[in-house]
Amino acid sequence: ERGSDPVADATRRMRAVIAHLVAAGRADTKRIAVIGTSRGGFMALHVAAADPRIACAVAYAPVTDPAALREFKGAEGLPATRAAALREQAVRLAGRPVWMSIGANDERVGVDKTLEFATAVHAAAVGRRVPARCTLLIDAETPGHRGPQGAAEQSAAWILRMLAGPPAD
């Protein structure tokens, strides 16, 4: 409502941290992964869309559309709320490795919103004629707003596959 852009501010700060780690020799620009849960997943995906140094992104039960959250009730139509929806980043994530998991009964962030976002990333990849590399695990057994059991282990194995190869010089 105040016109601030917390996504841009957080993305700028996260990119500065990555730049610092790279400059200090602590990060390999070909092997950076971001990961988060819920709002952390939301930010991980935004940062991945904004920073080509990020090789892959993982999000557990991610917020993909702030308008789905009860905190944004009444602000769904504001330009900043609409602009923050991850579907606006689908083209920038097309062809990039993205792995998401969510419980089929997650009413907090809405499994339908996560599926809509994954579909948008897939469609953008098809439209750009790049490989569709968005994986979405929807687990019927997971109650509420949390990542499915075993998702951490599955995503860790996936990250290792995405980052496989010789380290950058």
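Author: Nine salt bridges are counted here, a salt bridge being a side-chain nitrogen of Lys or Arg within 4 Å of a carboxyl oxygen of Asp or Glu. This is a predicted model, where local features need pLDDT of at least 70, side-chain atom pairs count only at pLDDT 80 or more, and totals for chains, interfaces and linings use all residues. Residues are numbered from 1 along each chain as its sequence is written, and side-chain values use heavy atoms, with hydrogens and water left out.

Reader: What does Arg53 form a salt bridge with?

Author: With Asp51, the closest N and O atoms being 2.6 Å apart. Asp51 is buried at 0% relative accessibility. Buried means under 20% relative accessible area, exposed over 50%, and partly exposed in between (1.4 Å probe, protein chains only). Arg53 is partly exposed at 23%.

Reader: And which residue pairs with Asp65?

Author: Arg87, with the closest N and O atoms 3.1 Å apart. Asp65 sits in the loop between strand S2 (54–60) and H3, and Arg87 in the loop between H3 and helix H4 (90–93), so the pair ties together parts 22 residues apart in sequence. Helices (H or I, at least four residues) and strands (E, at least two) are DSSP runs, numbered from the N terminus. Asp65 and Arg87 also belong to a salt-bridge network with Lys113 and Glu116.

Reader: Now the largest pocket. How much space lies in it?

Author: About 790 Å³. On a 1 Å grid over the protein atoms alone, a pocket is an open set of points where a 1.4 Å probe fits, with protein on both sides within 12 Å along at least five of seven lines; lining residues have an atom within 4 Å of a point. The volume is the space filled by probe spheres set on the points, which are joined across faces, edges and corners.

Reader: Which residues are closest to its centre?

Author: Of the 32 lining residues, they are Ser4, Pro6, Phe72, Ala80 and Ala84. H1 gives the most to the lining, with seven residues.

Reader: Last one. Is His46 buried or exposed?

Author: Buried, at 4% relative accessible area. His46 lies in helix H2 (residues 39–50).
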